[in-house]
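Dear colleague,

I am handing over the structure we spoke about, and my notes on its chain contacts and on one helix pair follow below it. Please read them alongside the model.

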Amino acid sequence: MSAQPFLIAAAALFSMGIYGILVRRNAVMVLLSIELILNAVNINFVVFNQMLSDVLLNGQIFAIFVITIAAAEVGIGLAIVLMLFRNRQTANINEFDLMKW
Amino acid sequence: MTSILETFSNGLGISLVVFLPLVSAVFILFIPKKQEFLIKIATLGSSLVTFGLSLIVAYQFDYDNAHMFQLGNKLTWIESINSNYEIGIDGISLPLLLLSTFISVLAIIYSFEHLPEPVNPKGMMSLILILETGMNGTFVALDLILFFVFFELVLLPMYFMIGIWGDRTVRSVAGFKNQIETRLYASIKFFVFTLFGSAFMLLGFLGLYFRGSKTFSIPELIELGTSGAFTGTFATLVFAVLFLGFAVKVPMWPLHTWLPDAHTAAPTVGSVLLAAILLKLGSYGFVRIALPILPEQAKAWAPAIAILAAIGIIYGSLACLAQTDLKRLIAFSSVGHMGFVMLGISSLTSIGINAAMIGMVAHGIITGLLFFISGSMAHTYHTRDMDRLGGNMKLLPKTGALLGFTAMASLGLPGLAGFWGEFMALLGAYNPLPGLNITVFRTSMVAGAIGTVLTAGYLLWMLQRVNLGEPKEEWIGQDLHDADNYELAAWIPLVILTVLIGIFPKLIFGSTNDAVISLVTKAFGG
Amino acid sequence: MVVNYNINLLAEAKASYTDGGIFAEFAWIIVVLPFLAALLITFFGKNLPLKGAEIALGSVFFIFLYSCILFYLNITKGVASEFFVNVGSIGSFQIEFGWVVDGLSIMMYFVVGTVSLLVFIYAINYMEGEIRYTFFFTSLTLFAGSMLVLVSAPTLLQLLIGWELVGVCSYLLIGHYWEEKENSSAAMKAFITNKVADVGLMIGIIILALTTGTLRISEILYQATHDYEAIKSVAYIAGILIFIGAMGKSAQFPLHVWLPDAMAGPTPVSALMHAATMVTAGVYLLGRLFPFYQGIAHEALDVVLIFGVITLFSAGLIAIVQDDLKKVLAYSTVSQLGYMVTAMGSGAYTAGLFHLWTHAFFKALLFLGAGSVIHAVHTNNMSEMGGLRKEMPRTFMTFIIGTVALAGLPPLAGFFSKDEILASLNHEGHNFFFIIAVAGAFITAFYMTRAVLLTFYGEYRGHGHPHESDSMMTTPLMVLAFFAAVAGWVNIPGIYTGFTKWVTTRKNGIIEHHPESFDYFALFSGLFAGLAGIGLAYYIYQVISNPENGDEKIKFQPVWRVLENKYYLDDFYFKYIVDPIKITFAKSVDKFNTEILDRFINNFGNVASFLGRIVYDKLDQGGIDKALNLTSTGTDTLGSKVKLIQTGKTQQYIMYFLTGVIVISVLVLLVL
């Protein structure tokens, strides 16, 4: 069984995520795009784990780590977005320049 | 008692003479400023003890061996450059040491009551004591670095004396766009000028150190020098820089211009110490260091020195004739008198150098006294302008009489101290060391002799303008104070000394003659 | 310390004198005493009944007595000895003071003692109530003492010391009334003129001392008379230089200008100065060094002779035109000093000293007489005197004696001494100088007669009522008149020549011609000249005219004006010597000092401060500091540029990030 289709799918997913991060204005959408990237990575982890016949299942365990962290990250991220929205009445990240010099 | 005296002769005596004033000055700094009387008494006590010690030194001095360095010691000081704390006195330095301790006492007595603004006796007294250490130290130091340290040490107190207690009038000065306070100008000129000279002198000392056998010891260098160790361009250069250092201090024409300003601006005590002792450091340096260590160069330079001395005599006297400022006149007279001293030295004969020695002492006493008197008069009249003075004999009879006496002494009246220096210097210049250009020296001698006439001229003219005649209107009815007891106590000893040396020159020659003869024989073979 | 210096080398001339014993040994007392007296007067004088004059008088009285004893010893046995006290040595030179007691110095002691004593007595009265009375006696005592230092000198150094001390005392005394600028200027003039001459003396002494290796006069004279080569080579120049010194003190043309001005002092001072102290010093010096001049410096003696003759003639002429009685006498002194110097110059040692001796008495007499007159009429001008012979008989009589003595009529003192000088000129064959000296005698007689006629004859032209001075003043006059009458009898050729013996009693013998009898040619020439002078003056001022306007008869305007202006010598000195030095030279030196030397030094300061400014502005502030500051400002600007990248826009950052990743990846791929 070839890994290629899975890797292509992951790469597509990754690219979609990148695209989403770069072009979406809505902060929630950006967060979602990040999720896409993380899942693309997860796919890679699982695929490579399978390909390398790792008995310790490092790749799968790592994927679960990533899912966990992604959940936490989305939680915090959404909370921040929520707060920003509450303060500024918008979720457009172009209008957020608090990090500017 | 004897044992104490014995330890004294082992360098302790002259070390005490040198450092006691400095130590006292430190102590005085701890006395509160308000206890003026205590400060004055302590200073006077210290200087009197110093003077007493110097008398003990003079008593212990072996006059039969006056050509040897005596009562000294040699202690390791800066080992890395082989510079030692080497001290000692011989017949040449002894009279000057005594003069220095003596004049210091008188200067302190005078300062009891007569300080110009800002009075501050604490400051002045400690400066005088520090100055005394510098002066005494220069006369006993037998190590070039030690000599240099003391030589420079005197600059600082004198700088402050002029700068703080000096004349506050504002005047314009040639070459400067803005007017400047006299004391400021004078103190800076004095300091920078002399430092300029001595900086070069230090170079000369270093030259001697490296070219000689890595020693700063004056006796050792004299041995080296008289045996012909220093020759050629190197020695010429070294003599030139030593000359520069000493000639500024003397001062020789044309390096004298700091002197009139410094004297005019300085407070009375300052001018007295400056004239009486500080100028001698230069001429002493010639006799102690320049001549015996570099005899060949001294011979080469002697005619030039004689010419400069002769110019100084005539120039100084002529400049005196043009003065209207009393203190400035006396300052210029110093240029003339020190010209005689240098003329004596330049002849390189035992007569000439002896003449220079007695000339130094006499000039110290007489010009010191003249500055005492003129300073006191400037204080009383609040002016030094001779056109405004007049009839001083009527207004201040005691001061006037002493001024008359001192002027007579200063013009070289036989029977008073000043005569010997002048006459013997001319005697020496007539027959200089064989091999020197006799025409130059005899011309200088004639110039010097003419200088004595001019000297008489300006001093008598000064007396006529200041002392004689009827008092001017502006002084009549003024409350003018004649010399008080402090002043007389400071002046009378000098008067007595002037007469004593005048009729019994052996007081000086008895100490210097052997030393000078040995110096001349060793260095010049004559 | 005291050594009796019995020079064996002078054994040759020894036979005729003794060492003077204890009186010679203690002769230093008379030299030291005046100085002690002066000290005492200064400190205690004011509280004494006579305000210090008694101490002065006591000291000169002692000097007088002591000199009488020495004089007696010299007459009877002859005394010549020297004593030395060493006061220091310089190189190989011994500096010695001491005292010499021999015929020459004893004669001077006697003259100084006698004249001083009489002048002091006179002055007590004359100066009464005058300002600074006590100080006057201090200086007068010092004056006498300084002269004694001079004449007692066995070394040239002590001689120089006495020489200048005399000068200073004269300064004090001439300027006694220093409230007036004129008087203090006269004092200054005296001092400075003498100082100019002293330069000559000083250099002369230096030359002699260094050539002979000693300062002792006797040794120098020994070398001079014993064919020492070294001293011979400098004899001429040294002789001239020393004579220049003598010219100053003894007021020889052209250095005589100070003496007439010295009349600014009180009259007793003039009397003392003109008779005993001061002006005789030059003649004494020539006498003391006479063996030197005679032995090896005779060329210099010719110069001495010429100046003496010029002086005796030119000063006599000026005396004719003076209106001030004291100035007549002053120029007369100059003229008579010319005679003494002429005598010395012609090689007549005794004659010169003899004239000094007689002159001392009659000139002191004349001055004191003049003082007595001036005291009475309160003016110096003869035009305001006249007819005083009735009011002041004693002064008149003594003044006449003095005049006749000065005019050289027998048997008074001046006759014998002047005759000796004329005789020696005649003997030496100086015919021209002889004629001038005779003419001088004529002039002397003329101006003295004129002065007497103007003062004592005719009508009184002044104010107030003059009356005779009291006995304190006239007694000295009479004593001096006695001396003026008889002092000449001690040296009459062919009869009694005691004086010759007295003054030649000294070590270093004098060789000279001693006439056995009068030189009648010289004698009658002098005598007739004197008589003619008196006669002519009498004729002009008494016969064809009267004392008031006698001058009109002889006023040849051009000559008269030249004489009144003293040959324009003073003007010349002031215009061409004093003023240029005092004003032009002095001012230019001062200007040089402040404008050039000081400017030079100050410009050093300026250049230094300019350099400093450059270093500070351009190098320090503009260079190093600027570079240092650039590091901070540069960072600042760079930062402000770079910060623009940080927009705060997350997506941009990510863009950059990705771009970076891509670039790096590409690079890594390319390199690998």
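Chain A and chain B do not touch, and their nearest C-alpha atoms are 55 Å apart; here two residues are in contact if their C-beta atoms, placed from the backbone, lie within 7 Å. This is a predicted model, in which local features need pLDDT of at least 70 and side-chain atom pairs count only at pLDDT 80 or more, while totals for chains, interfaces and linings use all residues. Residues are numbered from 1 along each chain as its sequence is written, and chains are lettered from A and ligands numbered from 1 in the order in which they are written.

Of the two pairs of chains that touch, chains B and C have the most contacts between them, with 44 residues taken from chain B and 45 residues from chain C. On the side of chain B that touches chain C, the helices that each supply at least two residues include H12 (295–322) and H18 (438–466), where helices (H or I, at least four residues) are DSSP runs numbered from the N terminus. H18(B) gives the most to that side, with nine residues.

Within chain C, the axes of helix H6 (residues 156–174) and helix H7 (residues 181–212) come within 9 Å and cross at roughly 175°, the axes being lines fitted to C-alpha atoms over the stretch in contact and the angles running from 0 to 180 degrees between N-to-C directions. H6(C) and H7(C) are therefore roughly antiparallel to each other (angles over 145 degrees). Among the residues that meet are Trp163(C) in H6(C) and Phe191(C) in H7(C).

Best regards

Conventions
Angles under 35 degrees count as roughly parallel, over 145 as roughly antiparallel, 65 to 115 as roughly perpendicular and the rest as oblique.
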